[in-house]
Amino acid sequence: MSYIRFEKINKLFGTNHVLKDIDLDVEKGQLVTLLGPSGCGKSTLLRCLAGLEQVTSGHIYLDGQEITDVIPRRRGIGMVFQQYSLFPNMNVRDNVAYGLKLKKLPKAEIRQKVEQMLDIVGLSDKISQYPAQLSGGQQQRVALARAMVTAPKVLLLDEPLSAIDALLRKNLQIEIRRIQQQLGITTIFVTHDQDEAMVMSDMIHLFHAGKIEQSGSPEQIYTHPATKFAATFIGNYNLPAAADFNRVFGSAIPGKDVAVRPEIISLSRKPVEKTADLLVAQGKISSHISHGNLVRFTVDFENLSLNADVVYKNQMDFTEGDTVYAAIRKDLIVAL
Ligand SMILES: Nc1ncnc2c1ncn2[C@@H]1O[C@H](COP(=O)(O)OP(=O)(O)OP(=O)(O)O)[C@@H](O)[C@H]1O
Ligand SMILES: [Mg+2]
């Protein structure tokens, strides 16, 4: 059996059916992400695992034991919430040391572990400060340190980086991932940010309205969205109707919609030969948006527009009005 198993989990709040027959397995030592839009049930599933919510039906197993009805503090689970909750009357050192003191570890060991963890989250210089003297992002990092320092069996992270600015957030994503792998802590991470999910996860479970829409590695989910919802949520897919796409490219892609990533469309001024593996159509650049490292060009065809990404080197490759040939490798196209 996997390390954590959710079996046919249903959760209702009154008549609101929030989790619908969720089956989910987490392997030991993995970082698994629950990704999905607001209100789809991510936090509720974490809270059920932590024992902060009762499931309406279904079973939860941890390390071979059923824990569905076990009280929260017997589950060996550490959690960092969406709204972090530090002890306001304790300084940073004491907040982080809290769980270790409960475990009655020797003082010198507590001191060393706390200082090491604060170094990892970049807060060594705030060790004597109180939560009210810290920024939101700093408080969030204290909450992370406090949860990780006890090396729990399972770590639950519910959007722990949402209050943190972009650059620090990117660094912390990599740091959390590094610490998690180093300590081998089985972790369930919740986010609605696809980039964050890509960077951090062994496995992603994409949630949609109380159900798992798709599960897979970051690469699988990114390159092979199973549904239109998945393709809308992940990457920056072009999602034309198959009929329109086939008309312009002279192809016969089956299904209702076609999912084409902007980075698999290559643009050139010179004609490109169409082959069995390569679709080509002539279009016109209608607009572009600069994203720094890449430029997203919109190419207009007859009753069809597609975005194509080009890596920016030192100049714009095309301007509005340019005629271009758009070439797409057939095997990278996803039929939906
Ligand atoms: N204690 C509660 N009582 C009643 N309804 C609740 C409770 N907690 C959550 N819900 C409802 O359950 C649904 C899912 O909420 P949940 O917090 O799990 O979503 P989420 O995916 O974590 O969203 P977000 O990304 O906004 O945090 C929502 O419709 C919410 O209103
Ligand atoms: Mg939530």
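**Entry 1: the ligand site**

I started with the elements around ligand 1. Strand E2 (16-26) and helix H1 (42-50) each supply at least two residues of its shell. This is a predicted model, and I read every entry below with that in mind.

Which element gives the largest share of the shell? I found that H1 does, with three residues.

Next I listed the neighbours. The shell around ligand 1 holds 14 residues, and Ser38, Gly39, Lys42, Ser43 and Thr44 come nearest. I then sorted the shell by class. I got four nonpolar, seven polar and three charged residues.

**Entry 2: polar contacts to ligand 1**

I looked up N and O atoms next to the ligand's oxygen atoms. For Cys40 the contact comes from the backbone: an N or O atom there lies 3.2 Å from an oxygen atom of ligand 1. For Asn16 I noted a polar side-chain atom 3.4 Å from a ligand oxygen. Glu159 also uses a polar side-chain atom, and I read 3.4 Å to an oxygen atom of ligand 1.

How much of ligand 1 does the protein bury? Taken alone, ligand 1 exposes 640 Å², and the protein buries 61% of that.

I went back to E2 and looked for its partner. Strand E1 (residues 4-13) runs antiparallel to E2, and seven bridges join the two. I picked out one pair: Arg5 has Asp25 in E2 as its bridge partner.

The two strands form a hairpin, with two residues between E1 and E2. Gly14 sits in it and has a positive phi of about 60°.

**Entry 3: the five-stranded sheet**

I moved on to an open sheet of five strands. I wrote down the order as E12-E16-E13-E14-E15, with antiparallel pairing.

Which strands stand at the edges? They are strand E12 (265-268) and strand E15 (304-311). Each has a single partner strand, so one side of each is left without a neighbour in the sheet. I also took the twist, which averages 45° from one strand to the next.

I then followed E15 to its partner. Strand E14 (residues 294-301) pairs with E15 in the antiparallel sense over eight bridges. Within E15, Asp309 stands opposite Arg296.

**Entry 4: the helix across the sheet**

Last, I asked which strands helix H9 (residues 242-249) lies across. I found strand E13 (278-290), E14, E15 and strand E16 (323-329). H9 runs at about 70° to E15.

Key: Residues numbered from 1 in each chain as written. Chains lettered and ligands numbered in written order. Predicted model: local features only at pLDDT ≥ 70, side-chain atom pairs only at ≥ 80, totals over all residues. Heavy atoms only, no water. Near = heavy atom within 4 Å. Polar contact = N/O pair within 3.5 Å; in protein donor to acceptor, adjacent residues only side chain to side chain. Areas by Shrake-Rupley, 256 points an atom, 1.4 Å probe, with all protein chains shown as cover. Helix = DSSP H or I, 4+ residues; strand = E, 2+ residues; numbered from the N terminus. Nonpolar A, V, L, I, M, F, W, Y, C, P; charged D, E, K, R; others polar. Pairing = 2+ DSSP bridges. Axes fitted to C-alpha atoms, helices over the stretch in contact; angles between N-to-C directions. Contact = heavy atoms within 4.5 Å.
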